[in-house]
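Visitor: I've got a chain open here and would like to go through how it is put together. Can you take my questions as they come?

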Amino acid sequence: LGGANLHRFVGGWAAVVVGLIDIAKAALTVLAFQRLGGDLSSIVIAGLAVVLGHNWPVFLRFYGGRGISPTMGMLLPLAPKVLLANALIALGLLVYYRSSPLPAAVALIFLPVSSLLLGYPAPITWGCLGLVFIAFAKRLTANGKPQGEPTPWARVLLYRFLYDRDTKDREAWLARRPPEAKEG
């Protein structure tokens, strides 16, 4: 139910609407915990819980999105400068690579670095590190067994880490069909 799949199968308007909802659910959770007077560590944990729930939703048998929009929503009220710095990194790389997985990975890796460099409190920096672990745990496990041509596991994990897919070939990945749809 991620934005990229909505964009591909329904259209850009659907991805924008759902992306904004996903950003809002995390931002509103953080704002609610702030309003209730929670300490910074509790607020960060609440934001991380939203991202975890998005990535592994109970109601969808733990099959959810990649968590980029709720990550943005968590950071928007907590660390807007971190969000802006890493969005600029991702956008700059997106212009060059014309594909979002690698720029998103680089921007995610720089979240805790940006938090440190910009002087945010330790709970926010630790929360940024948590976001990195959540995002890459999802990338490494989301596709289950490797799909496509037989590839050594180490290479599959590298491709998942860098490109969020089981192969380096983006077009082949996008053209794949579920196993039950294959003829033969």
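Guide: A term to begin with: axes are lines fitted to C-alpha atoms, for helices over the stretch in contact, and angles run from 0 to 180 degrees between N-to-C directions. Note also that this is a predicted model.

Visitor: Okay. At what angle do the axes of H6 and H9 cross?

Guide: At roughly 80 degrees, and the axes of helix H6 (residues 101-109) and helix H9 (residues 153-163) come within 7 Å. Since 65 to 115 degrees counts as roughly perpendicular, H6 and H9 are therefore roughly perpendicular to each other.

Visitor: Which residues in H6 and H9 meet?

Guide: H6 brings Pro101, Leu102, Ala105 and Ile109, and these meet Phe161, Leu162 and Tyr163 in H9. By class, the contact of H6 with H9 has seven nonpolar residues, with no polar and no charged ones.

Visitor: Stepping back, how many helices and strands are in the protein chain?

Guide: Ten helices and zero strands. Read from the N terminus on, the elements run α-α-α-α-α-α-α-α-α-α.

Visitor: And what share of the residues is buried?

Guide: Buried residues make up 39% of the 184 residues in the protein chain. As for the surface, the chain exposes about 11100 Å², and carbon and sulfur atoms supply 69% of that area.

Visitor: What percentage of contacts join residues at least 24 apart?

Guide: 55%, taken among contacts between residues at least 6 apart in sequence.

Visitor: Next pair. How far apart are the axes of H2 and H3?

Guide: The axes are 9 Å apart, and helix H2 (residues 12-35) packs with helix H3 (residues 40-55) at an angle of about 155 degrees. Angles over 145 degrees count as roughly antiparallel, and H2 and H3 are therefore roughly antiparallel to each other.

Visitor: Left-handed or right-handed crossing for H2 and H3?

Guide: The crossing of H2 and H3 is right-handed.

Visitor: Which residues in H2 and H3 meet?

Guide: On the H2 side they are Asp22, Lys25, Ala26, Thr29, Val30, Phe33 and Gln34. They meet Ser42, Ile43, Ala46, Gly47, Val50 and His54 in H3. The residues of this contact of H2 with H3 divide into six nonpolar, five polar and two charged.

Visitor: Now H4. Which of its residues are buried?

Guide: In helix H4 (residues 68-78), the buried residues are Ser69, Pro70, Thr71, Gly73, Met74, Leu75 and Leu78.

Visitor: Which helices do the buried residues of H4 pack against?

Guide: H2, H3, helix H5 (80-97), helix H7 (111-117) and helix H8 (122-141).

Visitor: Take H8 from that list. At what angle do H4 and H8 pack?

Guide: At about 170 degrees, with their axes 11 Å apart. That makes H4 roughly antiparallel to H8. The contact is made by Thr71, Met74, Leu75 and Leu78 of H4, together with Ile124, Cys128 and Leu131 of H8. By class, the contact of H4 with H8 has six nonpolar residues, one polar and no charged.

Visitor: Staying in H8, is Thr125 buried or exposed?

Guide: Thr125, which lies in helix H8, is buried, with a relative accessible area of 10%. Leaving aside neighbours within four places in sequence, Thr125 is in contact with Pro112, Ser115, Leu116 and Tyr120.

Visitor: And Ser114, buried or exposed?

Guide: Ser114 is found in helix H7 and is buried, with a relative accessible area of 8%. Its contacts, leaving aside neighbours within four places in sequence, are with Val82, Ala85 and Asn86.

Visitor: What about Lys81, buried or exposed?

Guide: Lys81 has its place in helix H5. A relative accessible area over 50% counts as exposed, and Lys81 is therefore exposed at 57%.

Visitor: Which residues is Lys81 in contact with?

Guide: Leaving aside neighbours within four places in sequence, Lys81 is in contact with Leu118 and Tyr120. Lys81 and Leu118 are 37 residues apart in sequence and 7.6 Å apart in space, C-alpha to C-alpha.

Visitor: Last one, near the start. Where is Asn5 found?

Guide: Asn5 is found in helix H1 (residues 3-9). Asn5 is partly exposed, with a relative accessible area of 40%. Asn5 and Ala15 are ten residues apart in sequence and 8.1 Å apart in space, C-alpha to C-alpha.

Terms used:
Residues are numbered from 1 along each chain as its sequence is written. This is a predicted model: local features need pLDDT of at least 70, side-chain atom pairs count only at pLDDT 80 or more; totals for chains, interfaces and linings use all residues. Side-chain values use heavy atoms; hydrogens and water are left out. Helices (H or I, at least four residues) and strands (E, at least two) are DSSP runs, numbered from the N terminus. Angles under 35 degrees count as roughly parallel, over 145 as roughly antiparallel, 65 to 115 as roughly perpendicular and the rest as oblique. A crossing is left-handed if the near helix is turned anticlockwise from the far one by less than a right angle, and right-handed if clockwise. Contact means heavy atoms within 4.5 Å. Ala, Val, Leu, Ile, Met, Phe, Trp, Tyr, Cys and Pro count as nonpolar, Asp, Glu, Lys and Arg as charged, and the others, Gly among them, as polar. Buried means under 20% relative accessible area, exposed over 50%, partly exposed in between (1.4 Å probe, protein chains only). Accessible areas come from the Shrake-Rupley method with a 1.4 Å probe; for residues, only the protein chains shown count as cover.
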